[in-house]
Amino acid sequence: MQNSALPATSATAATPTHCPYCALQCGMNLTPAPGGGVELTERTDFPVNRGALCGKGRTAPALLSSAVRLTSPLVRSADGVLEPAGWPEALDRIADGLTRAREDHGPDACGVFGGGGLTNEKAYALGKFARVVLGTSQIDYNGRFCMSSAAAAGVRAFGLDRGLPFPLEDIPRTGCVILVGSNLAETMPPALRFVTELKENGGTLIVIDPRRTRTAEQADLHLAPRPGTDLALALGLLHLVVAEGRTDEAYIQDRTAGWEDARAAAMAHWPEYVERITGVSVPRLREAVRMFCEPESAMVLTARGPEQQAKGTDTVGAWINLCLATGRPGRPYSGYGCLTGQGNGQGGREHGQKADQLPGYRKLTDPAARRHVAEVWGVDPDSLPGPGRSAYELLDALGTDVRALLVMGSNPVVSAPRAAHIEERLRSLDLLVVADVVLSETAQLADVVLPVTQWAEESGTTTSLEGRVLLRRRAVTPPEEVRSDLYVLHELAARLGVEKGFPTDPEEVFEELRRASAGGHADYSGITYRRLAEENGVFWPCPAGEAAPVPVPVVSGGPATVSPGEPTPVPVAPGAPAPVASGMSAPVASGEPATGSPGVLPVSPVEPHPGTPRLFLDRFATQDGRARFVPVSHRPIAEEPDAEYPVLLTTGRVVTQYQSGAQTRRVAELNAAAPGPFVEMHPRLAERLGAADGDAVAVVSRRGRAVAPARVTASIRPDTVFMPFHWPGEGRANTLTNPALDPTSRMPEFKACAVRVERVE
């Protein structure tokens with residue numbers, strides 16, 4: 001079967017698909033070009049980008065060239081050289097190595113490390129392969145380094161994690177947005193238009209970032225706290241909300257629990273104390289509170305800044321507390337959301353490649369979840385291993401407890417914290433296998449490298465930061481010796497004794513994923529490839545089966561407006577049962593949320609579930625339907641500056657590179673715009689060092705040393721330096737970063753560590 005539910009397209013027709021990079025998953029069309037290759041054209045019908053693309057998306061077809069990507073398997077020879085090999089030889093060698101590791105050291109000697117760029121089908125199959133074929137608990141993925149703290153905080157507060165509980169198109173309609181630790185202008189350029197429209201509509205933007213980024217330049221108010229103090233800042237704002245009488249007491253009473261303890265914790269963070277911790281003045285704190293509280297609607301959106309900390313879960317929890325205290329979550333154009341980073345960072349953690357989860361966002365420790373998934377997989381629930389190590393802990397155990405590792409779609413040599421140490425651990429393995437599109441720095445260390453298909457060469461689904469499940473469609477034929485990740489798992493499973501259960505067709509895998517996710521928080525059971533193609537994506541949860549009678553809201557005598565291409569709006573009348581899984585709100589499609597006194601116009605009782613663009617309108621996904629305040633308090637970063645290491649390092653991205661740079665560094669246009677790393681520093685620090693713009697400087701932490709040119713600018717705090725993390729070699733920023741872990745999310749502290757800076761003669 002090959003995408004049998006999809007309408008056929010001609011060899012010359014444009015194929016609608018999505019960008020391979022960030023979680024916006026911008027729409028684009030691909031058309032075969034005369035003489036080979038593809039031409040990329042605008043796809044204006046997709047509401048997130050409306051045809052606009054950043055430089056990365058626009059140049060994505062360059063990676064389809066055989067000149068920059070892997071085109072045959074590579075196997076390390078006896079003299080240590082990676083040499084071309086056939087697929088049978090490469091797969092046999094992998095199977096033999098995995099078998100030896102299991103026989104000699106037990107199933108947990110085999111590890112699996114996935115990626116947030118894998119499609120839902122691949123992530124699902126990878127988790128199933130680890131638990132059913134290898135029998136190992138040692139599986140996690142690089143999405144742990146992305147938004148795991150926000151996910152943990154969301155589950156703790158709302159009972160559910162979905163990056164944005166509302167569509168991006170709600171942002172221009174709110175009154176105020178607080179953007180915490182996000183540089184949208186460089187990390188997700190097409191999304192900046194939502195902020196522009198917000199301001200055009202009279203709304204305000206507050207940006208919280210230690211640097212005056214391109215995004216901060218758009219702000220009505222920019223707060224530049226010391227790195228690692230976002231938690232104290234949120235608590236200080238909540239203190240002022242309480243002190244100024246700006247809490248929404250009716251909302252707190254009706255829709256939340258735990259307020260008294262959270263309130264007491266916040267009141268211990270008085271404004272002057274918070275100013276000393278963060279460096280943000282009391283008047284600016286008060287101005288932020290005024291701007292956030294005065295409009296009827298407001299949002300807080302977090303990104304990696306507050307999340308990539310050893311207290312990231314509590315930090316995000318403090319921002320959620322601020323939203324709850326002011327009555328924002330679950331109301332129109334309001335609430336808390338997280339800007340997911342990787343292309344399938346959302347879906348990648350919903351369906352089983354995370355150490356503690358099963359498909360449908362089920363908990364691996366839940367007996368009912370184990371029974372349900374085991375039944376779909378045709379195995380004994382007791383045969384499924386328990387939760388394993390988190391991403392950094394798994395990488396740190398390589399060569400000791402874990403002797404063989406399969407890596408799919410990740411480059412930890414560049415992206416992991418304390419990267420030099422992780423590189424050593426990878427080198428110590430008995431067997432390292434990397435399946436990737438390009439010969440990444442991690443693949444260069446491998447015993448076997450497998451060339452796999454990429455975005456335009458395969459069909460599959462991803463889930464955007466909005467929770468919108470999308471269909472990528474195959475537009476071109478891959479090189480002759482390139483295979484899909486699903487083929488790799490199918491062949492390895494067969495060699496390891498599991499002949500069935502690992503199909504190579506993505507739609508067949510998705511059909512099984514639908515069954516496995518049914519009844520879970522991330523319920524995809526009502527979603528099909530055909531629906532995704534016809535409806536331009538479907539928001540989860542979307543359960544299968546006959547829906548309740550489909551209502552149409554009537555507001556002020558007429559139906560609510562609906563944006564083109566969106567599902568029919570179906571708010572539920574007061575007292576009516578919500579036609580969604582327990583703990584969710586009634587589904588409301590994109591467009592105006594119903595207000596006033598909605599009525600319903602019943603239509604066909606057999607309409608499929610329309611999906612759920614907006615969550616929590618009626619209840620939260622907790623047992624009693626109430627959101628939870630969680631009391632949190634400020635604590636220092638894991639590694640404060642001292643006399644030996646007196647400066648703070650923070651890390652991030654630049655507009656023309658992406659993540660570890662394994663793909664974007666191979667695109668000439670992108671590389672020309674950002675050819676290498678740099679150290680951004682304030683003129684005062686540069687003067688103390690005697691360094692001018694462009695001079696080589698060394699940044700030294702307790703874990704290593706990185707060298708890059710200085711970039712002198714007044715847009716950063718004098719006590720802080722910034723390095724982008726896209727490059728390997730001597731300018732590798734993650735050589736320096738601290739692997740101190742959040743106790744709940746197990747997120748490493750990428751965003752703040754103590755360093756010293758030296759001029760290199």
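**Cysteines and strands in a predicted model**

Reader: Which cysteine sulfur is closest to the sulfur of Cys323?
Author: The closest is in Cys293, at 10 Å, which is too far for a bond. Residues are numbered from 1 along each chain as its sequence is written, and side-chain values use heavy atoms, with hydrogens and water left out. The model is predicted: local features need pLDDT of at least 70, side-chain atom pairs count only at pLDDT 80 or more, and totals for chains, interfaces and linings use all residues.

Reader: How many disulfides does a search of the whole structure find?
Author: It finds zero disulfides, a disulfide being a pair of cysteine sulfur atoms within 2.5 Å. The sulfur of Cys146 has its closest cysteine sulfur in Cys338, 6.9 Å away, again too far for a bond.

Reader: Is Cys146 buried or exposed?
Author: Cys146 is buried, at 6% relative accessible area. Buried means under 20%, exposed over 50% and partly exposed in between, with a 1.4 Å probe and protein chains only. Cys323 is buried as well, at 0%.

Reader: Turning to strand 29, how many of its residues are buried?
Author: Five of the five residues in strand 29 (720-724) are buried; strands are DSSP runs of E, at least two residues, numbered from the N terminus.

Reader: Which residues lie on each side?
Author: Thr720, Phe722 and Pro724 are on one side of strand 29, and Val721 and Met723 on the other. In a regular strand, side chains alternate between the two faces of the sheet.

Reader: How many bridges join strand 25 to strand 29?
Author: Five bridges join strand 29 to strand 25 (residues 647-652), and the two run parallel. Leu649 is opposite Val721 of strand 29.

How values were computed:
Helices (H or I, at least four residues) and strands (E, at least two) are DSSP runs, numbered from the N terminus. Two strands pair if DSSP finds at least two bridges between them.
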